[in-house]
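Let's take a friendly tour of one model, stopping at a sheet, a helix and a helix pair. Have a look at the sequence and the structure first.

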Amino acid sequence: MTLWEELTARGLLAQCTGEEAVRELIDQGRATFYIGFDPTADSLHVGHFLPLVLMRHMQQAGNRPIALIGGGTTMLGDPSGRTELRQMMTQADIEKNAEKLKAQIGRFIDFSDDKALMVNNADWLMKLQYIPFLRDIGVHFSVNRMLTADCFKSRMERGLNFLEFNYMLMQGYDFLRLNEDYGCELQCGGDDQWSNILAGTELIRRKLGRDAHALTLSLLLNADGTKMGKTARGAVWLDPNRTSPFDFYQYFRNVADADAVTFLKRLTFVPLEEIRGMEGLEGAQLNAVKERLAFELTMLVHGEDEAVRARDAARALFADGGVSDDMPCTALTAADLTGGEITLPELMCKCGLAPSKGEARRLIGQGGVEVDGEKAASFTLAFDESRLRREMVVKKGKKVYHRVVFRDI
């Protein structure tokens with residue numbers, strides 16, 4: 001099976017320019033390609049999985065990846081998929097985030113012996129002079145065509161500012177620079193980046209008279225159409241300090257039945273022949289598929305030792321309801337108490353089990369919350385310091401457990 005055939009069979013690919021040319025390029029392992037990562041946070045999240053997985057597939061077939069850290073473009077903010085302006089960030093925060101992202105990308109890509117490159121577009125974007133840039137680059141962009149791009153449409157009603165409007169020019173210029181400096185002839189990204197990537201291929205054709213190519217990935221959605229990687233507690237991060245290995249494991253262990261095999265195909269490197277044997281499984285048989293999915297991804301991000309710990313902790317927890325040291329835990333102090341106690345809704349908010357006390361009360365009222373194995377009868381339930389010192393476990397729904405301890409400052 002060729003690389004193109006495997007990527008297609010795994011359901012990774014969405015669109016490309018000149019399929020025959022792109023297919024030949026990557027199948028022969030001759031492509032130098034790039035994917036950009038804007039350091040808008042100090043960690044990548046599950047939404048970045050597909051680009052990282054694609055880079056690894058491509059590199060294993062002999063192609064050379066360039067991981068572009070968007071230290072410059074993050075100063076503007078990508079409007080793609082946004083209905084409002086991104087929060088402005090300082091250059092110091094962007095640089096700090098960029099360093100953390102480099103380490104995480106290194107878990108997926110082999111940068112030894114020049115097998116891959118990592119560059120930061122701040123190295124050239126921050127040095128640009130505005131008038132020369134407009135004369136040299138801006139003249140090649142049609143405003144009419146830009147306004148038809150999907151990445152701008154969602155912003156038109158609320159207002160698209162000129163800062164964001166420049167993002168497409170900057171991304172196109174990135175592709176031009178990488179093509180000139182490193183021979184990069186292919187840009188890859190999510191399908192919501194299609195317009196931005198095409199702008200780069202067109203700029204290279206106009207400025208250099210060369211062919212360049214675009215390849216996009218199908219967006220990763222849950223079976224119900226919602227965006228994967230979002231929970232009531234926020235995004236699922238790759239940084240263990242933001243999402244613990246246990247929580248990370250549990251997120252994928254608890255995916256919907258309809259998503260299990262699909263995610264195994266698209267997010268892991270389990271052989272397709274093995275995955276095909278799992279298709280058509282139903283009911284309890286899918287639990288093994290979900291456990292395999294969770295283990296493979298936790299191992300990829302956090303290493304085999306953490307994956308084993310998370311799997312063993314989950315098995316012990318759900319087998320006998322026992323408490324595990326690897327279970328997510330929140331430590332309370334006297335400062336968290338009001339009048340010497342804390343109500344269950346307040347406790348759930350502090351533990352990240354509910355985004356608000358109103359939502360916590362709704363969950364309790366529906367009978368979806370247990371404390372130490374007993375259903376919470378009322379949202380007025382409260383716990384004092386002496387009770388909190390006897391370690392407790394709060395359960396939300398059927399699968400979310402959280403340990404609560406009390407500590408002296």
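## About the model

This is a predicted model, in which local features need pLDDT of at least 70 and side-chain atom pairs count only at pLDDT 80 or more, while totals for chains, interfaces and linings use all residues. Residues are numbered from 1 along each chain as its sequence is written, and side-chain values use heavy atoms, with hydrogens and water left out.

## The sheet

Helices (H or I, at least four residues) and strands (E, at least two) are DSSP runs numbered from the N terminus, and two strands pair if DSSP finds at least two bridges between them. Five strands form an open sheet with mixed pairing, in the order S9-S15-S14-S11-S12. At its edges sit S9 (329-332) and S12 (374-375), each pairing on one side only.

S9 runs parallel to S15 (residues 400-406), with 4 bridges between them. Among the residues involved, Leu332 has Phe406 of S15 as its bridge partner.

## Two helices crossing

H13 (residues 257-267) and H15 (residues 286-302) have axes (lines fitted to C-alpha atoms over the stretch in contact) that come within 9 Å and cross at roughly 35°, on a scale from 0 to 180 degrees between N-to-C directions. The contact (heavy atoms within 4.5 Å) includes Phe263 and Leu264 of H13 and Leu293 and Leu297 of H15.
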